[in-house]
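Please keep the sequence and the model in view while reading.

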Amino acid sequence: MTPEADPRNAHVADLVLEGGGVKGIALAGAVWAFDDEQWTFPRIAGTSAGAMAGAVIAALQAAGEPLSQVVELAKTIDYRKFRDRGFPGSWLGPLGALTDPFALVLEQGAYEGDYLHDWVRGVLADLGVHTFGDLRRDDPADDGHIHHQYSLVVTASDISRKRLVYLPWDYAEYGLDPDEQSVADAVRASASIPYFFEPVTLSGTRGRSTLVDGGLLSNYPISAFDRLDDLPPRWATLGIRLDALGIGEEPPPQRVRNLVSMGIALIETAIEANQAEHVLDPCNVSRSVYVDTRSVGAVDFSISEEEQRLLVERGHEAAADFLAQWEYDAWLRRCRPAWT
């Protein structure tokens with residue numbers, strides 16, 4: 001019997017990781033807590049920062065490496081380099097901000113996003129992962145749909161076609177072979193915060209599309225792996241949210257100071273409005289870890305090492321508390337009674 005055969009005797013779950021920019025550091029701490037209890041994740045879904053973390057986790061598993069390494073890998077990120085201006089802004093030092101309006105007009109984003117892409121590509125390459133073909137999984141007991149055929153999926157928003165896309169699942173709609181597509185490219189698209197990073201152009205046999213942050217339409221795709229047939233789930237889908245649901249008071253209003261902060265405010269507003277009803281369903285709440293990341297903004301890329309450490313600790317503590325009370329059978333009886 002494989003470890004995946006009986007989720008009551010083995011810690012197995014599909015995993016969904018919410019986006020949140022810099023707040024995503026907390027995801028590393030949460031996954032560390034799961035690793036403490038020897039959990040494995042057949043499939044992982046993520047958006048933006050969750051896509052970055054999810055890609056690394058999927059690659060670690062593919063390489064047979066402990067998931068706790070995600071914390072050490074997160075420490076190798078120089079978050080200040082996420083603000084990577086192109087020419088001539090990169091040559092002007094502190095005065096580079098003067099070129100941001102021109103970059104927004106000419107390239108639709110203040111920053112290139114190259115550092116993010118190169119970091120992901122390098123980490124994945126070291127673990128032997130380049131394309132989604134490296135993350136294809138053979139699962140004879142799946143529901144026969146593509147959403148069970150890869151160990152990683154990331155979301156992006158196709159603003160040319162005005163729809164949410166799941167990569168690699170939807171590459172065929174662009175006339176592209178999913179197995180041949182770069183994982184790092186998909187993660188870069190998923191993390192393209194509007195106005196902050198330049199959007200990504202996806203070219204296929206059916207034309208060119210502009211992709212931006214998946215969080216615009218689905219920042220927490222908790223139902224991504226739910227079965228589409230009439231069979232009961234073999235294990236749960238668990239998620240990690242960078243949200244302090246029910247913890248303390250509502251934060252004060254955020255001031256919108258410029259075009260970039262306006263873009264970020266727009267996407268955050270769209271995220272909350274689009275996903276509120278779905279993710280606040282009691283059965284989805286009960287399968288979600290909530291990490292309090294209110295002390296950090298999504299684009300606080302000047303975050304200190306101490307603040308990073310605190311986010312990792314909060315993620316670890318929140319996930320450990322969740323796992324201490326999680327019961328798959330109880331969740332299944334309450335939320336999927338027809339299958340119990």
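## Surface and overall make-up

The chain has an accessible surface of about 15,900 Å², and carbon and sulfur atoms account for 53% of that area. The model is a predicted one, and its chain holds 10 helices and 10 strands. Of the 340 residues in the chain, 53% are buried. Among the contacts in the chain with a separation of 6 or more, 76% are between residues 24 or more positions apart.

## Packing of helix 5 with helix 6

Helix 5, which spans residues 114-126, packs with helix 6, residues 183-190, at an angle of about 145°, and the two axes lie 9 Å apart. The crossing of these two helices is right-handed. Helix 5 contributes Leu116, His117, Val120, Arg121 and Leu124 to the contact, while helix 6 contributes Val183, Ala184, Asp185, Val187 and Arg188.

## The buried side of helix 10

In helix 10, residues 328-335, the buried residues are Tyr328, Trp331, Leu332 and Cys335. These residues lie on the same side of helix 10, because the arc they cover around the axis is only 100°. An α-helix has 3.6 residues a turn, so residues three or four places apart point the same way. The partners against which the buried residues of helix 10 pack are strand 9 (236-241) and helix 8 (282-285).

## Local backbone features

Serine 48, in the loop between strand 2 (44-46) and helix 2 (49-62), has a phi near 55°, a positive value in a residue other than glycine. Serine 48 counts as buried because its relative accessible area is 5%, under the cut-off of 20%.

A positive phi is also found at tyrosine 195, where the value is near 75° and the residue is again other than glycine. Tyrosine 195 belongs to strand 6, residues 195-197, and is partly exposed, with a relative accessible area of 35%. Tyrosine 195 and methionine 262 are 67 residues apart in sequence, yet their C-alpha atoms are 8.6 Å apart in space. Methionine 262 sits in helix 7, residues 259-279, and is likewise classed as partly exposed, at 41% relative accessibility.

The peptide bond that leads from leucine 167 to proline 168 is cis, with omega near 20°. Proline 168 lies in the loop between strand 5 (163-167) and helix 6, and helix 6 is the helix that packs with helix 5.

Notes. Residues numbered from 1 in each chain as written. Predicted model: local features only at pLDDT ≥ 70, side-chain atom pairs only at ≥ 80, totals over all residues. Heavy atoms only, no water. Axes fitted to C-alpha atoms, helices over the stretch in contact; angles between N-to-C directions. Helix = DSSP H or I, 4+ residues; strand = E, 2+ residues; numbered from the N terminus. Left-handed = near helix turned anticlockwise from the far one by under 90°. Contact = heavy atoms within 4.5 Å. Buried < 20%, exposed > 50% of the residue type's maximum accessible area, 1.4 Å probe, protein only. Areas by Shrake-Rupley, 256 points an atom, 1.4 Å probe, with all protein chains shown as cover. Arc of directions from axis to C-beta.
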